Structure formats: structure tokens, C-alpha cells
Amino acid sequence: MRRVLIANRGEIAVRIVRACRTLGLESVAVASDADRTALHVLAADRMVAIGPAPARESYLNVPALLEAAQTSGADAVHPGYGFLAENASFARAVEAAGLTWIGPPADAIATMGDKLAARVAAAAAGVPLVPGSEIAADDSARVAREAAALGYPLLVKAAAGGGGKGMRLVRTADALPGALEAAAREATGAFADGRVYLERLLEPARHVEIQVFADRHGTAVHLGERECSIQRRHQKVLEESPCPIMTPALRAAMADAALAITRAVGYVNAGTVEFLLDAHGRFYFLEMNTRLQVEHPVTELVTGIDLVATQLRVAGGEPLGFSQADVTFRGHAIEVRLYAEDPEAGFLPSAGPLFAWREPAGPGIRVDAGVAAGMTIPVEYDPMLAKLAAWGPTRDVAIARLRTGLGDTVALGPSTNLAFLADVLDHPAFRASETHTGFIDAHLHPWRQATPDVHDAALAAALAATSAQPLAGGSSTSATLPTPWERLGAWRVGA
Amino acid sequence: MSTTTTLRHGEHTLEVTIVADGEALRGHVGDRTVEARRLPASAPPYATAGASVQEITFVSADRTHHATVVRHRDRILVALRGRTYVFTTGSDGAAAHGSVGTGKIAAPMPGKIIAVSVQVGDRVTSGAPVLVMEAMKMETTLTADIDGEVTRVTAVAGETVDAGVVLVEITPA
């Protein structure tokens with residue numbers, strides 16, 4: 001393995017470039033027409049254009065990606081998360097083209113990608129499941145009976161689902177037909193697979209997941225847990241490790257269950273087994289994510305293990321190089337996802353130019369960003385701008401560091417959830433570790449941004465409005481922010 | 001030197017008068033007076049994507065305020081201590097925001113129409129779903145903002161629309 005094609009964009013593509021560089025591997029970025037000046041393109045050693053902005057014509061376009069690998073001389077493919085990361089046929093196509101797939105075996109992806117098949121596999125491995133359907137909901141009379149037996153509220157979930165897509169919460173029987181239809185439609189659009197099934201809604205419950213890692217030489221270890229209960233629209237916005245209420249006995253039991261599933265499906269590379277943990281300390285299998293997780297930094301911060309570099313090494317055939325006894329956990333890490341979205345309007349995605357951008361810094365702060373000032377946030381893709389994380393020797397210190405970092409962060413242009421994230425961190429229930437998947441609905445909905453400093457902000461606005469106007473042109477004190485290509489061009493020409 | 005700027009913030013209008021004397025300045029923000037001392041900017045201003053961006057730093061009541069300010073058309077965005085304050089200048093600046101109860105249901109952002117659930121002549125109540133859009137891979141349901149009768153439907157399932165395009169019109173009952 002010498003040159004890695006990264007079949008993704010944004011912060012995760014930048015993250016993978018960094019891991020490649022630390023291992024002395026070359027990186028190849030791919031870019032849609034909307035991303036020619038994106039950060040991941042600038043970060044990588046090479047770039048290949050793969051098609052128009054819509055994802056299905058670029059980042060989901062398997063022939064274009066394989067051709068990009070061939071023309072760039074790449075010998076391995078890292079899919080990141082999202083897009084084709086959990087697409088078994090892409091994994092097979094990569095291997096059929098003679099390239100190394102940096103991920104789990106295609107069969108394991110296929111089994112776990114079908115959430116119904118995953119439930120069967122987990123049950124066979126002796127792992128408790130969230131009560132729900134055995135088969136897809138294709139007969140409305142049977143589904144109605146099944147729903148009545150499970151009891152409301154319940155969730156309609158897509159068999160091919162992930163990231164909250166194709167998922168609907170149903171509180172009453174009369175809402176079931178509409179929810180089934182909407183979930184099936186969204187699932188068909190997102191996954192080309194409209195099968196949906198039912199699961200009882202367990203609440204209050206914490207979302208707790210176990211990071212596993214297996215090599216090709218029979219070693220499988222866990223890297224502890226992450227709690228990801230703070231969610232909106234069924235998508236995570238804050239993750240932490242360890243889970244604040246974790247005990248050594250519970251961790252051992254959950255890790256045993258996760259590793260049983262891992263071994264049962266012949267898993268290799270990084271994976272995550274997601275559970276719901278109820279108020280009585282009982283846990284239930286939700287699903288296994290057969291890829292790198294968005295929230296992998298919190299695990300890296302508490303274990304000191306570079307998950308992406310380990311993925312690359314394991315895909316290249318190396319042994320893990322550490323055993324379970326070598327994995328130790330130190331301190332506490334918390335990550336928040338900074339999204340271009342409007343928390344006052346149902347977290348509706350936002351897009352457009354990012355005029356100003358400043359990242360936080362300081363002890364224990366880690367930023368995984370996919371944007372820079374002057375870039376435009378495209379409408380075609382996930383609206384996450386960056387992940388902001390903090391490590392501290394204790395949870396309280398991690399919270400204080402992250403909260404300070406949020407205050408230093410500047411993201412002006414699209415609407416963002418920056419102030420919302422600060423309100424999550426400031427909430428007494430969060431500080432008290434009283435977290436569950438209904439946290440935002442219970443405590444921060446509806447949400448309005450507080451405006452404690454509006455008078456000072458107005459003064460700053462008026463001072464800016466009456467200052468020398470940099471847009472007037474020709475002023476010696478103003479400058480035009482170079483586009484990333486201009487910066488890149490100058491650097492290359494000068495090199 | 002004295003300058004007055006009218007800023008709208010949500011439903012509020014703030015008159016900001018700045019009396020400057022070198023670095024010292026007095027600001028009248030609404031009914032509040034702020035004595036401040038302006039500090040040099042920590043970074044030069046720049047222009048990008050049709051906007052000007054400035055760092056504004058001042059000391060008031062012994063507290064340092066460091067703001068990043070973006071001016072884009074009639075909007076001024078201020079980042080201060082982790083919060084974003086959106087002001088508009090000009091007389092009709094507030095009209096674009098918070099269009100409550102106009103009966104004109106517009107696309108909140110560019111996206112694709114997934115399904116249209118009303119047709120001309122339908123009676124709808126405020127809050128009733130009228131269509132489903134997909135933007136940035138998430139489905140969003142647009143709802144009626146008034147009670148009334150649907151008098152115009154321009155949305156067509158499968159079509160892509162720009163932000164601000166009126167998709168359904170409802171005439172008050």
C-alpha cells in the first residue's frame with residue numbers, strides 16, 4: 001500500500017489525509033464540481049475530479065471513483081463515513097479492481113447493513129435486541145397487529161438505514177400508515193431500498209456504543225464506549241467517552257456482547273456496535289456500523305490510539321500491534337458537531353458562503369474541520385462544518401475546556417448550531433450526566449438563542465458599519481481573501 | 001464626530017449613535033450608554049464572497065469585547081463570545097425574516113420537491129402539511145402558516161427549486 005484514494009469529502013477526508021501522511025502514504029482526494037476548492041482537496045497530495053455536484057453523480061458514482069483510483073495510481077481506497085462507506089458492492093468492486101479496501105469484509109458490511117439481518121446475527125450471538133419486527137413491514141394488516149403488540153410509541157426504521165434517514169417516531173396508531181410511507185420513501189431515496197421495520201421506542205435510554213477493532217490475524221479488541229445520547233432528528237450532536245455512568249462490570253458486559261457480534265460475522269478493521277442502555281442498566285443491540293464513526297476522535301483522545309492510522313495498517317495486513325491489556329483509558333473527552341443549520345427552525349440545514357471562520361485552540365482542544373473562511377457550504381451534502389472536541393482529566397474539565405472553545409469559535413455565514421451547542425454544555429442536566437436520547441426535546445425544545453450581549457454586538461456592528469469600508473476597494477487597509485486555489489496555485493508555483 | 005446607525009435585530013430596532021474622539025467613544029445603544037475605548041484590530045479587514053469582514057475590539061466597563069463582524073448586503077453578522085447576532089440595516093430589513101402567516105409557502109432553501117399533499121381548492125388549517133422537500137439529504141415538511149383555501153400550487157414533485165420560491169399560496173378563509 002503506497003497511495004490511498006479517499007472516496008469522501010469534508011473533514012473526514014482531511015482526517016484521512018493526515019493519517020496517510022503520518023504513515024508515509026500518499027493521498028488522493030476526489031472532488032465533485034462543487035468541491036474543487038474544498039479543504040480536503042487542498043490537504044491531499046493529489047486530486048481527481050469525479051463529476052457534477054449531486055452526490056449520486058460524484059461521491060456515490062462507483063465507476064467514476066474506480067476510474068479515479070486507476071488514473072491516479074492509487075492502490076487502496078478509504079471510504080470515510082457516509083456515501084459508500086457501508087456499501088458492500090462498492091467494497092467488492094474495489095477489491096475486484098485489485099485495490100485494497102480500507103474497511104471490513106464486504107460480507108460483514110452486507111449483513112450489518114441490512115438491519116433486519118443484523119438483528120438475526122446479534123440474536124444468534126446471544127446479544128439482547130431492542131424488541132421489534134422479525135421481518136420487513138410489507139403487509140399493512142400484519143404491521144398494524146405487530147405495532148399494537150409492541151406498543152406505542154415506536155420507531156419505524158429503514159432496513160438499509162443509517163444516520164436517522166428513513167426513520168420515523170410514531171406515537172399513535174393513526175400516525176402509523178403515514179410514517180411507514182414517509183420512511184419508505186426517504187429510505188428509497190437515500191438507500192434505493194424501501195424496506196422498513198418496527199422497533200419499540202425505549203425511553204428514557206442512553207445511546208452507548210462500543211468501538212471494536214479486529215485484525216486479520218484473529219485479534220479483536222474493544223476500545224471502550226462512547227455515549228452519544230444528545231441527538232436531534234435522530235442524528236448525534238454530542239458524543240463523550242467514557243459514558244458518565246459506566247461501571248467496569250457494565251463495560252465488560254457490553255464489550256463482551258460487542259466482541260461476540262464482531263467475531264460472529266468475521267469482522268476485520270474498525271467497527272462500532274451501538275446499544276441502548278435503559279435506566280436499569282440493561283442494554284439492547286441497536287445496530288453495528290461497519291466503518292469509521294464520525295465521533296471516533298473522543299475514543300482517540302481517551303485511548304491515545306490513532307484509529308485511522310490503525311485502519312490503514314490493518315487493511316495493509318499488519319497485526320493490530322496491541323492487545324486488550326494494552327488498551328487503557330485516560331480522562332474524559334467530549335465532541336460536539338458544528339452544523340450549518342438553524343436550531344430555531346427545526347434544525348433546517350443552511351448553506352452558502354462562510355464569510356468568517358475561526359477555530360478554537362488551547363489545552364486539550366482538538367478540531368476536525370472541513371471548511372475555511374471564504375468557502376461556500378454546498379447544498380448538496382451533509383451540513384457538518386467541523387467537530388470540536390476537548391479532553392480533560394475529568395468530565396468537568398473537558399466540559400469547561402470545550403465550553404471555552406465554543407466561545408472562541410467564529411462561524412459567520414450560514415446559520416449554525418454553535419450557540420445551541422453551548423446551551424447543551426451549560427444545561428444543568430447535562431452537567432449532572434442526566435443524558436438520554438430525548439434530552440433535546442425534553443430540555444432544549446423549542447429553542448431560542450439567548451442574546452446576552454446584544455448591546456455590545458450592536459455597538460460592534462455600528463463600529464464596523466462606520467469604519468473604513470474594505471469593500472470600497474483600493475483601501476490600503478483591506479485585502480481580498482484569496483480563494484483556496486489562488487493560495488494553492490501560488491504555493492505550487494513557488495515550490 | 002457622531003454617526004447614527006439603525007439596526008434591526010429580530011423584531012427590535014436599535015438606534016446606535018457613536019460619538020468618537022480618537023480612541024475614546026461613547027455609544028448610545030437604544031436607551032443605554034456605553035463608554036468604550038477602541039483597540040486596534042487584531043487582523044486586517046478582508047473581503048470575500050461579496051462581504052466585508054472586520055475584527056472589532058473595544059474595552060467597555062473594564063471588559064474587552066472582541067467581535068468578528070461581517071457585512072453582507074443589508075445584513076451585519078456579529079460573532080461575539082460564541083453567539084451570532086444578526087442585524088439588518090435599512091428600512092425593510094426585517095421583512096425577509098419571520099414571515100409569519102402570509103399564506104405564501106416558500107422554499108426555505110434550495111432543494112427538491114418530494115411530495116405535494118394539497119391541490120387548488122383544498123381547505124387547510126395552519127400547521128397542516130402542504131408538501132415535503134428534501135435538502136441536504138434531509139426531508140423537511142412545509143406546513144400551512146394560516147387557515148384558508150389553497151389558491152395556487154406551483155410545486156411539482158421531482159422538481160428542484162431555489163430558496164425563496166413560493167410553492168403554495170393560501171388565501172385566508
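The model is predicted: local features need pLDDT of at least 70, side-chain atom pairs count only at pLDDT 80 or more, and totals for chains, interfaces and linings use all residues. Residues are numbered from 1 along each chain as its sequence is written, chains are lettered from A and ligands numbered from 1 in the order in which they are written, and side-chain values use heavy atoms, with hydrogens and water left out.

**Chain B overall**

- Chain B has 17 strands and zero helices (DSSP runs numbered from the N terminus: helices are H or I with at least four residues, strands are E with at least two).
- Its radius of gyration is 22 Å, well over the 16 Å that the globule rule gives for 173 residues, so chain B is more spread out than a compact globule (taken over C-alpha atoms; the rule is 2.2 Å times the number of residues to the power 0.38).
- Along the principal axes, the C-alpha atoms of chain B fill a box of roughly 65 × 35 × 25 Å.
- Of the 173 residues in chain B, 42% are buried (under 20% relative accessible area; exposed is over 50%, partly exposed in between; 1.4 Å probe, protein chains only).

**Salt bridges between chains**

- Over all chains there are 44 salt bridges (a side-chain nitrogen of Lys or Arg within 4 Å of a carboxyl oxygen of Asp or Glu).
- B:Arg81 and A:Asp453 form a salt bridge with an N to O distance of 3.1 Å. B:Arg81 sits in the loop between strands S8 and S9 of chain B, and A:Asp453 in the loop between helices H15 and H16 of chain A.
- B:Arg81 is partly exposed because its relative accessibility is 27%, whereas A:Asp453, at 12%, is buried.
- The closest N and O atoms of A:Asp456 and B:Arg32 are 4.0 Å apart in another salt bridge. A:Asp456 lies in helix H16 of chain A and B:Arg32 in strand S4 of chain B, so this pair joins two chains.
- A:Asp456 counts as buried at 10% relative accessibility, and B:Arg32 as partly exposed at 36%.

**Salt bridges in chain A**

- A:Glu225 and A:Arg251 meet at 2.8 Å, N to O, in a salt bridge. This pair links strand S10 to helix H9 across 26 residues, and both residues are buried.
- A network of salt bridges links A:Glu209, A:Arg226, A:Lys236, A:Glu239, A:Glu274, A:Glu295 and A:Arg337.
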